[in-house]
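Dear colleague,

Please find the structure below, together with its sequence. My notes on selected features follow it.

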Amino acid sequence: MTTYFEYPSVELQNELSKIANAMVAEGKGLLAADESVSTMGKRLQDIGVENTEDNRRAYRQLLFTADEPLNDRISGVILFHETLYQKTDDGVPFVEILKNRCIIPGIKVDMGVVNLFGSEGETTTQGLDDLAQRCAQYKKDGCHFAKWRSVLKIGKNTPSYQAILEMLTCWLDTLPSAKPTVLFQL
């Protein structure tokens, strides 16, 4: 049985190679600024600040406009959907702030986790239904990489075969569009 794989265009291969090399540049790392509204709310509550869109925007503005050494240490930032479309107090889109600092904008593309039916508290990741369309739009809007999250619960009877199969199915479905990551919950 023969298999045929159509390689991306040379231009796309070069673009992906450039992005990947920049993301793993020596001495640099990724900043995860992709907290959901509820997770961001917990962070703000810890410092006595109300969880409003403007307060979340102000917090992220503080991160993205930090002093110049940020450019020397951060190669890319993983954004949350809300953050991708936010702007500074001066009206400059966060994506432009990052690009001007030679920091690559990326996006969290999973839609969170839900309980996996019939399991011992395990979860499955949501967001495959319109992933290709969302990724295409995020690319147009300035993102150059994507994050997909899967969670495996580690315990006496977990991860179950069902949870592993579900995670792998999600991974296989995301491979053309996103770089999957896995978090192990202990």
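Thr 158 touches Glu 120, Glu 122 and Lys 153, leaving out residues up to four places away in sequence; contact here means heavy atoms within 4.5 Å. The model is a predicted one, in which local features need pLDDT of at least 70 and side-chain atom pairs count only at pLDDT 80 or more, while totals for chains, interfaces and linings use all residues. Residues are numbered from 1 along each chain as its sequence is written, and side-chain values use heavy atoms, with hydrogens and water left out.

Thr 158 is located in the loop between strand 6 and helix 8 (161-174). Helices (H or I, at least four residues) and strands (E, at least two) are DSSP runs numbered from the N terminus. With a relative accessible area of 9%, Thr 158 is buried; buried means under 20% relative accessible area, exposed over 50% and partly exposed in between, with a 1.4 Å probe and protein chains only. Its side chain has a polar atom 3.0 Å from the backbone oxygen of Lys 153 and also reaches the backbone nitrogen of Gly 155 at 2.9 Å. Such polar contacts are pairs of N or O atoms within 3.5 Å; within protein, one must be able to donate a hydrogen and the other to accept it, and residues adjacent in sequence count only if both atoms are side-chain atoms.

Two backbone features deserve a check. Most residues other than glycine have a negative phi, and most peptide bonds are trans. The peptide bond from Thr 158 to Pro 159 is cis, with omega near 5 degrees. Cys 102, in the loop between helix 6 and strand 3 (104-108), has a positive phi near 60 degrees and is exposed at 63% relative accessibility.

A search of the whole structure finds one aromatic pair. Phe 64 and Phe 94 form this pair edge-to-face, at 5.2 Å centre to centre and with 80 degrees between the planes. Rings of Phe, Tyr and Trp (its six-membered ring) pair if their centres lie within 6.5 Å, with planes under 30 degrees apart counted as stacked, over 60 as edge-to-face and the rest as tilted. The two partners are 30 residues apart, with Phe 64 in helix 3 (residues 53-64) and Phe 94 in helix 6. Phe 64 is buried at 1% relative accessible area, and Phe 94 is buried at 0%.

Finally, the buried residues of helix 7 are Leu 131, Arg 134, Cys 135 and Tyr 138.

Kind regards
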